[in-house]
Amino acid sequence: MKKYGFIISSEWKNSLAYRGDTWLTAIFSVFAVVLAYLLWSAVFGGADTLNGFTLQQMTTYYLLAGMLAPLTQSDGLLQDFAAEIRGGGYAKYLVKPLSPLGYFLAAGLARALLPLLASITVLSIARLGFADAFAVIQPAHVLQALPVILLGSLFSMLTGHLIAMTTFALTDVEFIYVLQNVVKAFLAGAVIPLHMVFGDSLPLWSPFSYLTYYPVLLCLGKAEIPPLTAAGVLAGWVLAALALCLALQKRAPRRFEGVGL
């Protein structure tokens, strides 16, 4: 475990070296919340509720979605890992007692910490400054959402690792990065609340709805699915993704001879 602690420490220090970019991204996320408020103000048109949401709850939805965003994004790490496979850097995992998947998860955790803290800090300040525009969030609801949030973050990192591993079979995986970003953002409810798209036919078996949509609803006190049920669904998907990652990792040394060296 010490080696993975070192990886987390190293990646954390690297994030601090470029903290300006992180804080700038967090500050720009405030504009996304402001844009959402202006857009939905026009959609509501003075109505008290829309599809069960008040305007304050809708604005808070996008505020919380912005806070969770760093936990579902691993693009930089994904691209770095894919570059290692193409350039031969993957060889270090074959000669050292270091699991590629373990490295990916440890580095992903470290890289998400600073953006997460920055987003929470900046968006919390924005909420305090414009308190009337947001709904009240109960701490008990946030605590209920934490296990689902953590499982969702783990699932996102595992799927990121799976996408990076496609570099063994494909020469250019850039289109997969872009496609998975668009699909994940939509299916996770980061673009628009899912019940406004799917209505009663929302697929409860899909892991993506539990990445953003469900945790936010839980924080707002509007979730209809019990937290244990949501955690169970996500845990099943995490185990499936983990098994697939380990299977691909076992085959990687044979594939690497034809790709990286």
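## Two helices side by side: α3 and α6

The axes of α3 and α6 come within 8 Å of each other and cross at roughly 160 degrees. This is a predicted model, so keep that in mind as you look around. Two packed helices are described by the angle between their axes and the distance between the axes. Are α3 and α6 roughly parallel or roughly antiparallel? Angles over 145 degrees count as roughly antiparallel, and α3 and α6 are therefore roughly antiparallel to each other. The way α3 passes α6 is a right-handed crossing.

Which residues make this meeting? From α3 come Leu 63, Gly 66 and Met 67, and they meet Leu 116, Ser 119, Ile 120, Leu 123, Ser 124 and Arg 127 in α6. An α-helix has 3.6 residues a turn, so residues three or four places apart point the same way.

## A closer look at α3

Is α3 mostly covered or mostly uncovered? It is mostly covered, with 13 of its 14 residues buried. The length of α3 can be checked too: at 1.5 Å a residue, its 14 residues should span 20 Å, and because its end C-alpha atoms are 20 Å apart, the two values agree.

## The nonpolar cores

The largest nonpolar core has 46 residues, and those that touch the most other members are Trp 40, Tyr 61, Val 148, Tyr 210, Tyr 214 and Leu 220. Several helices each supply at least two residues of this core: α2 (19-44), α3 (55-68), α6 (100-129), α7 (139-165), α10 (213-219) and α11 (227-256). Which helix gives the most? That is α3, with eight residues.

Apart from its neighbours within four places in sequence, Tyr 210 is in contact with Val 148, Leu 204, Pro 215, Ile 225, Ala 230, Val 233 and Leu 234. There is also a second, separate core of 21 residues, and its members include Leu 77, Leu 78, Phe 104 and Met 165.

## Helix α7 and its partner α8

Next, find α7 and helix α8 (residues 174-187), whose axes come within 11 Å and cross at roughly 155 degrees. With this angle, α7 and α8 are therefore roughly antiparallel to each other. Their crossing is right-handed. On the α7 side the contact is made by Ser 156, Thr 159 and Ile 163, and on the α8 side by Ile 176, Tyr 177, Gln 180 and Lys 184.

Two other residues of α7 are worth a visit. Leu 151 is found in this helix. Not counting residues up to four places away in sequence, Leu 151 touches Ala 231, Leu 234, Ala 235 and Val 238. Leu 151 and Leu 242 are 91 residues apart in sequence, yet 12 Å apart in space, C-alpha to C-alpha. Ser 153 also lies in α7, and at 11% relative accessibility it counts as buried, because the cut-off for buried is under 20%. From Ser 153 to Gly 232 there are 79 residues in sequence and 15 Å in space, C-alpha to C-alpha.

## Helix α1 against α6

Helix α1 (residues 2-17) also packs with α6: the two axes come within 8 Å and cross at roughly 35 degrees. Is this crossing left-handed or right-handed? The crossing of α1 and α6 is right-handed.

Tyr 4, Ile 7, Ile 8, Glu 11, Trp 12, Ser 15 and Leu 16 in α1 meet residues of α6, including Gly 102, Tyr 103, Ala 106, Leu 113 and Leu 117.

Where is Asn 51? Look in the loop between α2 and α3. With a relative accessible area of 46%, Asn 51 is partly exposed. Leaving aside neighbours within four places in sequence, Asn 51 is in contact with His 195 and Met 196. Asn 51 and Gly 189 are 138 residues apart in sequence and 15 Å apart in space, C-alpha to C-alpha.

Gln 249 sits in helix α11. Is Gln 249 buried or exposed? At 18% relative accessibility, Gln 249 counts as buried. Its contacts, leaving aside neighbours within four places in sequence, are Tyr 90, Ser 99, Pro 100, Leu 101 and Met 165. Met 165 is also one of the residues in the second core.

Conventions:
Residues numbered from 1 in each chain as written. Predicted model: local features only at pLDDT ≥ 70, side-chain atom pairs only at ≥ 80, totals over all residues. Heavy atoms only, no water. Core = buried A, V, L, I, M, F, W, Y, C linked by side-chain atoms within 4.5 Å. Buried < 20%, exposed > 50% of the residue type's maximum accessible area, 1.4 Å probe, protein only. Helix = DSSP H or I, 4+ residues; strand = E, 2+ residues; numbered from the N terminus. Contact = heavy atoms within 4.5 Å. Expected span 1.5 Å × (residues − 1). Axes fitted to C-alpha atoms, helices over the stretch in contact; angles between N-to-C directions. Parallel < 35°, antiparallel > 145°, perpendicular 65-115°, else oblique. Left-handed = near helix turned anticlockwise from the far one by under 90°.
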